[in-house]
Amino acid sequence: MYPVVGPGRVLEGEIMKVLGVNAVFHDPAAALVADGRVLAAAEEERFSRREHGKEPVPFSSWELPVQAMRWCLDEAGLAPVDLDVVAYSYDPSLALPPGSEPLSGPRPPLDPAWGQLRPLYAEHAAHFLAAALPGLQPARVTHVPHHLAHAASAALAAPPSGGGREDSAVLVADGRGESTSHLAGFYSGAAQPRVLVRQPLPESLGLVYRELAQHLGFGAVGDEYKVMALAARGQPTMAGPLENRIAYRGDGLITASEVDWAALAPALPPGAEHTPQHADLAASVQNRVEEVLLALAGWLHEQTGRSRLTMAGEVALNHAANSRLARDGPFEEVWVQPAAGEAGTALGSALQTAADLGETVEPMPGADLGRGWDEDALAAVLDSARIGYERPDDLTAEVARALSEGALVGWFQGRSEYGPAALGRRSLLADPSRRENLDRIGRVRGEREFCPVASLVAAEHAPDIFSGGPLPCPYPLFEHHVAPRWRARIPAVVRPGARTRAQTVRAGDDPLTWRLIRDFGSRTGLPVLAHTELRRAGSPRVDSPRDALECFGSAPVDVLVLGPYLVRRCRA
């Protein structure tokens with residue numbers, strides 16, 4: 001039930017203001033929707049500088065994205081008392097009964113009784129939120145089912161398609177929500193989607209993948225990309241034995257639990273060397289996950305007849321699986337929410353609540369929804385740091401020259417990105433023709449073996465270089481094949497199997513980055529840059545100019561670009 005909105009607020013033409021909040025699992029975040037438009041969205045880690053915002057354990061569920069919430073309000077010039085609704089992306093009334101929590105989680109495992117802290121804290125979320133946002137009325141807080149929030153972040157935030165929103169199906173594939181792990185359905189005129197199936201726990205593609213990550217010595221949250229990288233080195237030799245444990249059962253339901261990992265490959269401690277056996281295990285699980293998702297998509301297409309599939313949930317960050325769906329699945333188009341993980345439920349809960357209250361919600365304008373600084377503010381930060389800097393007459397030409405001469409460049413422009421992917425706002429850039437740049441980028445990030453480097457390419461050149469995935473592709477959430485004649489020319493971005501994640505840039509969408517790629521191409525004949533997140537190991541992506549200077553000062557980055565200003569590393 002939604003809180004009562006003041007008399008006549010919508011009828012009188014006043015703007016409806018909804019703050020979405022994700023806090024229960026991990027990656028706490030906030031998003032503000034006003035008058036049906038997305039104004040701001042940010043993750044708490046970008047403020048606190050604590051990776052993933054908090055520990056992914058039940059007793060951290062009370063921790064709110066306080067700084068992100070307050071920034072969203074400040075960005076719109078609002079106070080907590082101005083909010084019509086705060087939408088919290090977890091509904092405790094849907095939670096599993098005591099003692100039935102899935103056993104998947106951190107090692108060593110927690111007592112299952114701890115799982116009941118999540119719904120307990122969520123039941124009292126209104127009072128936690130009112131304490132964090134003085135002036136907020138607790139009665140204005142509502143709970144949005146977790147996977148409904150994910151669904152809205154996909155279908156309601158997606159850009160327009162030929163058939164409109166009613167032509168989109170939605171698939172949420174996640175680790176877990178209150179009591180389910182995936183949702184499939186479609187929006188058709190009404191504010192709420194028509195849900196065709198919900199997968200009960202403990203069966204969960206997301207939890208199985210997370211268990212595998214831990215078995216391979218990776219982290220419990222956020223290291224799934226390392227499993228994908230390892231899978232690219234192996235062969236799916238164990239896919240057969242896994243067919244009964246990771247499988248599509250029909251009618252939109254799956255089996256994905258109780259895998260005996262030790263019977264397939266020995267467990268590894270963190271930092272241990274991976275053997276071919278471990279790579280084959282990763283490849284086999286990746287294969288099974290892709291096959292199950294293809295079967296789910298096929299069933300959903302049969303049920304809905306829609307031409308576009310929109311996706312969210314942590315499994316939707318699996319770029320290899322996304323490309324299989326786009327390439328081999330029945331939908332003409334696949335669109336993935338760039339903040340597909342837990343943080344995206346803040347946006348989805350706000351959009352869904354606004355739609356439920358009669359607002360006409362607009363697609364998200366892009367993923368650059370976080371903090372930004374104008375030129376004067378950037379200069380003030382540089383001046384206070386007493387660091388030398390310059391303002392080139394032709395910024396992109398100067399940066400292109402530095403890249404072509406081998407520099408690693410920190411690129412800080414505009415508003416920061418919402419979601420886990422680097423999108424050219426807070427990026428580390430390099431010349432893709434230099435194979436050694438992959439190792440150099442890995443040293444900056446502290447990830448020598450599994451550093452996620454993608455290709456940033458001018459959209460008009462992408463079809464000549466990449467195939468096998470959607471193009472244009474404004475978010476690097478799909479895998480692409482590199483054309484044979486380009487593989488030796490851009491080795492720093494070519495992964496095993498001659499694959500890469502390509503992000504296309506159009507002049508009208510991001511003119512500055514597009515000009516940089518153009519100028520680099522004019523010098524080198526390569527309309528492609530290697531790029532990844534600008535960050536250090538164990539820290540979130542750079543968000544503020546101070547973060548950027550700290551990264552620059554502590555990492556082997558040669559040039560830092562803050563807006564129109566350029567900082568060079570002094571050589572002894």
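This report describes salt bridges, a sheet, helix packing and selected residues in a predicted model.

Residues are numbered from 1 along each chain as its sequence is written, and side-chain values use heavy atoms, with hydrogens and water left out. Because the model is predicted, local features need pLDDT of at least 70 and side-chain atom pairs count only at pLDDT 80 or more, whereas totals for chains, interfaces and linings use all residues.

**Salt bridges**

Side chains of opposite charge can pair when their charged atoms come close. Here a salt bridge is a side-chain nitrogen of Lys or Arg within 4 Å of a carboxyl oxygen of Asp or Glu. The structure holds 33 salt bridges.

| Salt bridge | N to O distance |
|---|---|
| Arg535 and Glu51 | 2.4 Å |
| Glu290 and Arg324 | 2.8 Å |
| Arg518 and Asp519 | 3.0 Å |

Arg535 and Glu51 meet in a salt bridge. This pair links distant parts of the chain, 484 residues apart: Arg535 is in the loop between β20 (528-533) and α18 (545-554), and Glu51 is in the loop between α1 (45-48) and α2 (66-75). In these names, helices (H or I, at least four residues) and strands (E, at least two) are DSSP runs, numbered from the N terminus. Arg535 counts as buried at 13% relative accessibility, while Glu51 counts as partly exposed at 30%. In this scheme, buried means under 20% relative accessible area, exposed over 50%, and partly exposed in between, with a 1.4 Å probe and protein chains only.

Glu290 and Arg324 also form a salt bridge. That pair again links distant parts of the chain, with Glu290 in helix α9 (residues 276-304) and Arg324 in helix α10 (residues 319-328), 34 residues apart. Glu290 is buried, with a relative accessible area of 11%, and Arg324 is buried at 15%.

In the salt bridge of Arg518 and Asp519, Arg518 is partly exposed at 40% relative accessibility, whereas Asp519 is buried at 11%. Separately, one network of salt bridges with shared partners joins Glu51, Asp223, Lys226, Glu417, Arg445, Glu447, Glu533, Arg535 and Arg541.

UniProt, in an unreviewed entry, lists residues 400-569 as "domain: Carbamoyltransferase C-terminal". UniProt positions are given in the numbering used here, feature names are shortened, and annotations may be inferred rather than shown by experiment. Over residues 400-569 the chain is 28% helix and 23% strand, and the end C-alpha atoms are 16 Å apart.

Helix α14 (residues 436-445) has seven of its 10 residues buried, so it is largely enclosed by the rest of the structure. Its buried residues are Asn437, Leu438, Arg440, Ile441, Gly442, Val444 and Arg445. These residues pack against α7 (224-231), β14 (426-430) and β20. Just after α14, Gly446 takes a positive phi of about 70°.

**Sheet and hairpin**

An open sheet of five strands runs in the order β8-β7-β6-β11-β12, with mixed pairing. β8 (194-200) and β12 (333-336) stand at the edges, each with a single partner strand, so one side of each is left without a neighbour in the sheet. The twist averages 15° from one strand to the next. Two strands pair if DSSP finds at least two bridges between them. Strand β7 (residues 180-186) is joined to β8 by six bridges, and the two run antiparallel. Phe186 stands opposite Arg194 in β8.

Strand β9 (residues 246-250) pairs with strand β10 (residues 253-256) in the antiparallel sense over four bridges. Gly250 has Leu253 in β10 as its bridge partner. The hairpin of β9 and β10 has two residues between the strands, and Asp251 there takes a positive phi near 55°.

**Helix packing**

Helix α5 (residues 146-155) packs against helix α11 (residues 344-356) at an angle of about 85°, with their axes 7 Å apart. That makes α5 roughly perpendicular to α11, a term for angles of 65 to 115 degrees. Axes are lines fitted to C-alpha atoms, for helices over the stretch in contact, and angles run from 0 to 180 degrees between N-to-C directions. Contact means heavy atoms within 4.5 Å.

**Leu117**

Leu117 lies in helix α3 (residues 117-123) and is buried, with a relative accessible area of 16%. Leaving aside neighbours within four places in sequence, Leu117 is in contact with Pro58 and Phe59.

Notes: Parallel < 35°, antiparallel > 145°, perpendicular 65-115°, else oblique.
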